[in-house]
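Welcome! Here is a short tour of a structure that may be new to you. Take a look at it first, and then we can walk through some of its parts together.

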Amino acid sequence: MAEPGNLADKAAAQASIAAALARARAALHTRSDSPQLDAELLLAYTLRRPRSYLGAHPEQRLDVATLDRFERLMGRRAHGEPLAYLTGEREFWSLALAVTPDVLIPRPETELAVERCLALRTDAHADVVDLGTGCGAIALALATERPVWHLVATDRSSAALDVAQGNARRLGINNVEFLRGDWFKPLNGRRFEIIVSNPPYVAAADPALTALRFEPVTALTPGNTGMEALRIIALGAREHLVPGGWLVLEHGTTQASDLARALVAAGFTRVRCYADLAGHDRVTEAQWT
Ligand SMILES: C[S@@+](CC[C@H](N)C(=O)[O-])C[C@H]1O[C@@H](n2cnc3c(N)ncnc32)[C@H](O)[C@@H]1O
């Protein structure tokens, strides 16, 4: 990959959309799993056009300023910065959510937690809390699907809550209440039909954290074992669920049996684990009776 700015030299200034994409794709070839898609999304973002515009206008010449902006974004992508932070947006549950480096980028596998909440309670009114909401992904998806539910979305990070509240405003979602604080503390003893959370669950020494270095470490890891937040939530949920209420937790692929043991020891019943689309244990639910 050329260093930022180099693409906007005389030769490159002649570049068409097709040529700029070809250069960018080659530059990202060994640095991204999806070089073509990344290049297209970043060029479309630079041009403030839909991606389909690129295919429809491959011969269009790009001016120097546009090439320069595109080159800078490509340089950051080549150094590993996630696409969502470069474009400031990630789709989750068909919602276009704003993201900043203050929040975890919502992952497709987290949609499984949303699916389980929706399956556990179909249409009746419910009070539901999303602990550690980040950009608001789970709470906003549930709020959209179940407009009669009352959602509470919490986070310890005020910067994350700002992002989540901005997303709710932009999407016109009004049935979510946002509270800042450590896990159950901001709830003041309130009880819920469903508690859902995708807490930090990566062990502090996990080498996978290197690849995730652009995301907030406090969103990724709760401590040495990776189980710390899951255990706190499993224990605290007993004081915040109505009888018959459900706890729905996303977790790491190797944590299902430890978590199931913790939930049974805490007095939960009907403990069930679900696999994500890749076949990995990903979400565990349990009932408080
Ligand atoms: C893995 S991220 C999940 C974000 C979002 N729910 C999602 O699925 O994309 C975990 C979130 O928990 C928040 N968090 C971490 N420790 C917390 C704590 N002690 N109390 C409340 N929130 C916490 C982080 O700020 C982060 O937003």
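Helix H3 passes helix H5 in a right-handed crossing. Please keep in mind that this is a predicted model.

**H3 and H5**
- The axes of H3 and H5 (residues 64-78) come within 10 Å, crossing at roughly 140 degrees.
- H3 is therefore oblique to H5.
- On the H3 side, the contact is made by Asp38, Ala39, Leu42, Leu43, Tyr45, Thr46 and Leu47.
- Their partners in H5 are Thr66, Arg69, Phe70, Leu73, Met74 and Arg77.
- Sorted by class, this contact of H3 with H5 holds 8 nonpolar, 2 polar and 3 charged residues.

**H2 and H3**
- H3 (residues 35-47) also packs with H2 (residues 17-28), at an angle of about 135 degrees and with the two axes 8 Å apart.
- H2 and H3 are therefore oblique to each other.
- Here too you can look for the handedness: H2 passes H3 in a right-handed crossing.
- From H2, the residues Ile17, Leu21, Ala24, Arg25 and Leu28 take part, and they meet Pro35, Gln36, Asp38, Ala39, Glu40, Leu43 and Leu47 in H3.
- The contact of H2 with H3 has 8 nonpolar residues, 1 polar residue and 3 charged residues.

**H7 and H8**
- H7 and H8 cross in a right-handed way.
- Val114, Cys117 and Leu118 of H7 make the contact with Ile138, Ala141, Leu142 and Glu145 of H8.
- In the contact of H7 with H8, 6 residues are nonpolar, none is polar and 1 is charged.

**Around the ligand**
- Which residues come nearest to the ligand? Of the 16 residues around the ligand, these are Gly132, Asp155, Asp182, Asn198 and Ala219.
- Thr133 has a polar backbone atom 3.4 Å from a nitrogen atom of the ligand.
- For Gly134, a polar backbone atom lies 3.5 Å from an oxygen atom of the ligand.
- A polar backbone atom of Arg156 is 3.2 Å from a nitrogen atom of the ligand.

Terms used: Residues numbered from 1 in each chain as written. Predicted model: local features only at pLDDT ≥ 70, side-chain atom pairs only at ≥ 80, totals over all residues. Heavy atoms only, no water. Axes fitted to C-alpha atoms, helices over the stretch in contact; angles between N-to-C directions. Helix = DSSP H or I, 4+ residues; strand = E, 2+ residues; numbered from the N terminus. Parallel < 35°, antiparallel > 145°, perpendicular 65-115°, else oblique. Left-handed = near helix turned anticlockwise from the far one by under 90°. Contact = heavy atoms within 4.5 Å. Nonpolar A, V, L, I, M, F, W, Y, C, P; charged D, E, K, R; others polar. Near = heavy atom within 4 Å. Polar contact = N/O pair within 3.5 Å; in protein donor to acceptor, adjacent residues only side chain to side chain.
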